[in-house]
Each structure stands twice: as C-alpha cells, then as structure tokens.
Amino acid sequence: MMKAHCLLCGEELHEITLEKRVRQACPHCGWVYYPQLKVSAGVLLEENGTLLLVQRGIEPWKGCWYLPAGYLEVDEDPTLGAMRETFEETGLEVKITGLRTVSMYQDDPRGNGILIVYNAVRAGGKLRGSDESMSVGFYSKEQIDKLPLAGSSHTRAIQDWIKEKENK
Ligand SMILES: [Zn+2]
C-alpha cells in the first residue's frame, strides 16, 4: 500500500482501530482519514422503446456501454449533475421527471460509490458524442442484449429497464 500522509500536518499516517474499523490516522495531530463513497448521477432516457446509452472511450470499461452519468461536484445538486453529465456526454438537454433508482457499487477501480439514476425526457440539444465516448445513441432491448455493459450499477439499471420492456 502507498504511504499516505496527514492532510493537516504532513506526518505519515499509521493504522489504528477505531470503533471496530481499521483507520489511517496521524500519530502527530490525531487527524483521521475517513474514506467516503463517491457519488455519481445520471439519467435513464427512453424514446420510442429505445434507451439512450454511451459507449465509454476511456478506462475503466473502455468500449462498454452505460447510462449517461458522472461524478457530482461537491457543491452540485444531483439532478443538475445528471443533466450536466448527460449534456456533456450526449449533447442532449434533458428534463428530470423523477428518481428511478439509487444503488451502491464496489467494482469500480476508481473506488466504491453510489449511482443515482433519474428518469428524464429530452428537452433540446442534438445527439453527439464527446472526447470521452466512442459512440452514443438510442438502442432497443434486442440491441442492448448484445452489448457489453460497464459496471454493476449501470448494468443493473439497464437490465431492470430491459425486464420492464419484456413484462409489457
Ligand atoms: Zn497530522
């Protein structure tokens, strides 16, 4: 493991056990590092029975498909973050119509996190990709069945949508 240092005084952190958890703490000033979940937000946008997906152009999961989504800024409302990420990744302006799902994932090499997915409808813009995507578009459940998907939270949200289509 990489040596970590105190954010306050720069001393090397040591492992301590605190409330039954092993923590990195500073032996000099007592600062404790509490790792936290990363928070992402995105949208599920369906049109004419097809789902808006982005193909990742960067690692992790390069070449795999996911819902338009990304990490929230520390001062950003999740609905606004979901709209921002959707515009950045797909060129579409969207209107959030409700909360769809919140799920936790532990399979991202960048760290564990929570994905918030909102239902959304198109409000404007024009479909286009970004520097970080290989392609973007609307796909039917039959098409999605053949696509590799990116990460457990996205995979679950997309597969739940497919199941809903099959039950109709
Ligand atoms: Zn310190």
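1. Domain separation. In this predicted model, the centres of domain 1 and domain 2, taken over C-alpha atoms, are separated by 35 Å. The domain assignment places residues 1–35 in domain 1 and residues 38–167 in domain 2. Along the principal axes, the C-alpha atoms of the protein chain occupy a box of roughly 60 × 30 × 30 Å.

2. Overall make-up. The protein chain contains ten strands and three helices. Read from the N terminus, the order of elements is β-β-β-β-β-β-β-α-β-β-β-α-α. Of the 168 residues in the protein chain, 41% are buried.

3. Zinc site. Four cysteines supply the protein donors of the zinc ion: Cys6, Cys9, Cys26 and Cys29, each through SG. These donor atoms lie 2.2 to 2.4 Å from the zinc ion. Along the chain, the donors follow the spacing C-x2-C-x16-C-x2-C. Cys6 sits in the segment before β1 (14–18) and Cys29 in the loop between β2 (21–25) and β3 (32–33), so this pair ties together parts that are 23 residues apart in sequence.

4. Geometry of the zinc site. The arrangement is tetrahedral because the four donor atoms subtend angles of 101 to 123 degrees around the zinc ion, and the tetrahedral class requires all angles to lie between 85 and 135 degrees. For reference, the ideal angle for four tetrahedral donors is 109.5 degrees.

5. Exposure of the cysteines. Cys6 has a relative accessible area of 6% and is therefore buried, the cut-off for buried being under 20%. Cys29, at 40% relative accessibility, counts as partly exposed. Cys64 is buried, with a relative accessibility of 14%. The structure has zero disulfides.

6. His5. This residue is in the segment before β1. His5 counts as partly exposed because its relative accessibility is 43%, which falls between the 20% and 50% cut-offs. The C-alpha atoms of His5 and Cys26 are 7.8 Å apart, although the two residues are separated by 21 residues along the chain.

7. The three-stranded sheet. Strands β1, β2 and β3 form an open sheet in the order β1-β2-β3, with antiparallel pairing. Its edge strands are β1 and β3, each of which pairs on one side only. The antiparallel strands β1 and β2 are joined by five bridges. Thr17 has Val22 of β2 as its bridge partner.

8. Helix α3, length. This helix covers residues 152–167.

9. Helix α3, buried residues. Which residues of α3 are buried? They are Ser153, His154, Thr155, Ala157, Ile158, Trp161, Ile162 and Lys165. As background to that list, an α-helix has 3.6 residues a turn, so residues three or four places apart point the same way.

Terms used: Residues numbered from 1 in each chain as written. Predicted model: local features only at pLDDT ≥ 70, side-chain atom pairs only at ≥ 80, totals over all residues. Heavy atoms only, no water. Helix = DSSP H or I, 4+ residues; strand = E, 2+ residues; numbered from the N terminus. Expected span 1.5 Å × (residues − 1). Buried < 20%, exposed > 50% of the residue type's maximum accessible area, 1.4 Å probe, protein only. Donors = N, O, S within 2.8 Å, 3.2 Å for Na, K, Ca; no water. Tetrahedral: all angles 85-135°; square planar, octahedral: opposite > 155°, others 65-115°. Pairing = 2+ DSSP bridges. Disulfide = S-S within 2.5 Å. Domains from an automatic or database assignment.
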